[in-house]
Amino acid sequence: CPVEKDLPLDEVDSRSDISPERDVYVNFMWDSRNLDVACGYPTKTLSIKAPPPKLKTTWHLQSRILYRLALPGRSMHTNPTFSVERSRERKKQQNGALFMAGSRLGVLPAPVADPGKDSTPQVVANNFTRLCSAKSIITVNGRFPGPTLYAREGDTVIVKVANHVQENVTIHWHGIRQLTTGWADGPAYVTQCPIQPGQNYAYNFTLTGQRGTLLWHAHIMWQRATVHGAIVILPKRGVPYPFPAPHKEVVLILAEWWKSDVEAVINEALQSGLAPNVSDAHTINGHAGPVSGCASSARDGFTLLVDQGKTYLLRIINAALNDDLFFKVAGHLMTVVEVDATYTKHFTIDTLLIAPGQTTNVLLTADQGAGRYLVTASPFMDSPLVAVDNSTGMATVQYTNAVPTSAIATTKPPPRNSTSLASQFIDSLRSLNSKQYPASVPSTVDHSLLFTVGLGVNPCPACTNGSRVVAAMNNVTFMMPTTALLQAHYFNTSGVFTTDFPGQPLIAFNYTGSGPNNTQTMNGTRLYRLPYNASVQLDRKATPSIYMATTSSWSEGASTSSTPSRGTPAVPSAGWTAIRFRADNPGVWFLHCHFEVHTTWGLKMAFVVDDGPGPNQSLPPPPKDLPASKYIFLALRPALPPLSPPSSRSSSPPILVAGASETEAASVPPAPSSTSSWILFPSFFLSCSIYARFPDASRVSP
């Protein structure tokens, strides 16, 4: 295909493809296939030109945009399998960034849209080989980790996701504030029903008052083990970074890898009632590096090429399921400039600590001698009762003027229980709190809450051991509903949740001691209701057996202006974390531990924030394509009289399934026989369950 030359990101972004008011349509596509560029289509070269003044029309790019990725040492072409649909109203003559798959964008000729072609995004499974063993995983674009989503502060983002795997799917945009766009937040059964196989959903949100590094990930079961990627929010056009401009920016995603299927791992643990097996390796950008027992892994590992004397912005994300991770680069210091998309006061350190769901941006200067330097990601856990994966993920920083086969300069990972090193990093964090980026912390408190978090053991007759490990806040183990909480809240549906989550421990005990002796917890889908614009202080205390990283959908600030705002604050084992936030975002917001095992065990709850009195202070109606909630029809033996005679049933109008098309509704089977009846349970109207039919009442589980 004809190809234009690569253009620097700033040059592409500073010009207009067509007009200053443009909608750009591309696809978010989950696909394992490395599709070739479709050169068979007629091609059109996009003109790069200055925007005409005061142009009010909107131009729709209906063809696929192709990107060229400028990677270290090579250049490659890719079709836009990571697709984003974006629109933005512009009141001024300005342009925003295109969404890019990769670290650098070059505009290529785009094939003209073919109305006869189906360009629906794809979600598929892929085979990956790591640690000398292969398995099938769910991926985005066939990549682990998934592609990076680039945008600018103030952009409106629309991401269409279509599910073509045989599992339910949701995507959470971790750390995005989602102001009045709670329907796009993504946690399954909290803000939406899952996207079922064969279905799709468009997430629509605006990036308000945020810039920096965040992440997106699946938010159902343990899918985020492989379904995750970076979100890079660039500053508004013309606004510089509050630190020296780097020569280049690099995304580094830390994660875990299991040789076994992760869903099988947690399902086995739930059946036994015990803790799940830990992962087999930690990875950096999808690679574990050299691993003992696997000879081919000596050639595995991510390599970052650097030019001597240049400074690089590393956007580091911990996408691991269950492990806090130390991060080091042998022989180099790092200057921290941002955490969780919030600028910080700069400080220099040699070891970072990043909890699951957290992000940290650092400046790394290639100021050492030409050579190769080891990069490590190793676990931190100071509780001897908690098992962790002790492996170290490894990568390489290689100077471009170094011999590729030269010996690598090594570094020793910190001890896994190095609390002093962890505290050194955490205690160094301070909010930038400048005139341009002030720390916004409520000065007064309307609701003062105290949440104690810990582990327990509840009876479980179905479990192998007769009991099950659980986790709780204020002794409440949260039970996930089958109806999305936000839907139940918006439609005022009763019986889905209660709003009596205790704001204080039900029974007081020595909070700085070992905790109560009672190990049993209460089950419930209990939420805490907040009036609009209420200021909240939440103190959280962890028992000695648990270390917690939690996340909510709004920016969280601490009690002093010098402490940084974090989307995912950590609660140390037997320690405290205090946060303040303002409930200025109506909807239902999930507060949960970001160690996936703790969330599975029930360490979660949600806040309900009421609508405000003013404009743009109310939760809008759900979007039309919100994943369908469907009726459940059960074919039961006639303990109850039939709704209508079987003879008339065949000639009656089709039974409508909520959220289904007419074709789907017409496919609902008739009553199986005169000895069975179709019973409609209206209380399941908002259930996230798929359509099901049970021929025998004895097969219907409680």
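Reader: At the start of α2, which backbone nitrogen does a side-chain oxygen of Asp 261 reach?

Author: The backbone nitrogen of Glu 263, to which the side-chain oxygen of Asp 261 comes within 3.1 Å. Bear in mind that this is a predicted model.

Reader: How should I read the helix itself, and which residues of α2 are buried?

Author: Begin with the general idea. An α-helix has 3.6 residues a turn, so residues three or four places apart point the same way. Now the case here. Helix α2 covers residues 262-272, and its buried residues are Val 262, Glu 263, Val 265, Ile 266, Ala 269 and Ser 272.

Reader: Where is Thr 180, and is Thr 180 buried, exposed or partly exposed?

Author: Thr 180 sits in the loop that runs from β12 (171-174) to β13 (200-206). Its relative accessible area is 23%, so Thr 180 is partly exposed.

Reader: How many disulfides does a search of the whole structure find?

Author: A disulfide is a covalent bond between the sulfur atoms of two cysteines. The search of the whole structure finds two. One is formed by Cys 132 and Cys 294, with sulfur atoms 2.0 Å apart. This pair links distant parts of the chain, as the two cysteines are 162 residues apart. Cys 132 lies in the loop between β8 (124-130) and β9, while Cys 294 lies in the loop between β17 (281-284) and β18 (303-306).

Reader: Why is the disulfide of Cys 132 and Cys 294 called right-handed?

Author: Look at the torsion about the S-S bond. Its value is about 85°, so the disulfide is right-handed.

Reader: Is each of Cys 132 and Cys 294 buried, exposed or partly exposed?

Author: Cys 132 is partly exposed, because its relative accessible area is 46%. Cys 294 is buried, because its value is 6%. The cut-off for buried is under 20%.

Reader: Which cysteine does a disulfide join to Cys 460?

Author: Cys 463, with an S to S distance of 2.1 Å. This link is right-handed, with 70° about the S-S bond. Cys 460 and Cys 463 are both buried.

Reader: Which residues does Gly 301 touch?

Author: With residues up to four places away in sequence left out, Gly 301 touches His 287, Gly 289 and Met 394. Gly 301 is in the loop between β17 and β18. A gap along the chain need not be a gap in space: Gly 301 and Ala 395 are 94 residues apart along the chain, and 5.3 Å separates their C-alpha atoms. Gly 301 is partly exposed, because its relative accessible area is 32%.

Reader: Where is the cis peptide bond, and what is its omega?

Author: The angle to read is omega. The bond joining Phe 144 and Pro 145 is cis, with omega about 0°. Pro 145 is found in the loop between β9 and β10 (149-152).

Reader: What is the order of the strands in the open sheet of four strands?

Author: Read the strands across the sheet: β10-β15-β14-β12, with mixed pairing. β10 and β12 are the edge strands, each pairing on one side only. From one strand to the next, the twist averages 25°. Within this sheet, β10 pairs with β15 (residues 228-234) in the parallel sense, over four bridges. Tyr 150 stands opposite Val 232 of β15.

Reader: How many helices and strands does the protein chain have, and what share of its residues is buried?

Author: The chain has seven helices and 40 strands. Of its 702 residues, 55% are buried. Among contacts with a separation of 6 or more, 79% are between residues 24 or more positions apart. The accessible surface is about 29,200 Å², and carbon and sulfur atoms hold 53% of that.

Note on methods: Residues are numbered from 1 along each chain as its sequence is written. This is a predicted model: local features need pLDDT of at least 70, side-chain atom pairs count only at pLDDT 80 or more; totals for chains, interfaces and linings use all residues. Side-chain values use heavy atoms; hydrogens and water are left out. Buried means under 20% relative accessible area, exposed over 50%, partly exposed in between (1.4 Å probe, protein chains only). A polar contact is a pair of N or O atoms within 3.5 Å; within protein, one must be able to donate a hydrogen and the other to accept it, and residues adjacent in sequence count only if both atoms are side-chain atoms. A disulfide is a pair of cysteine sulfur atoms within 2.5 Å. Contact means heavy atoms within 4.5 Å. Accessible areas come from the Shrake-Rupley method with a 1.4 Å probe; for residues, only the protein chains shown count as cover. Two strands pair if DSSP finds at least two bridges between them. Axes are lines fitted to C-alpha atoms, for helices over the stretch in contact, and angles run from 0 to 180 degrees between N-to-C directions.
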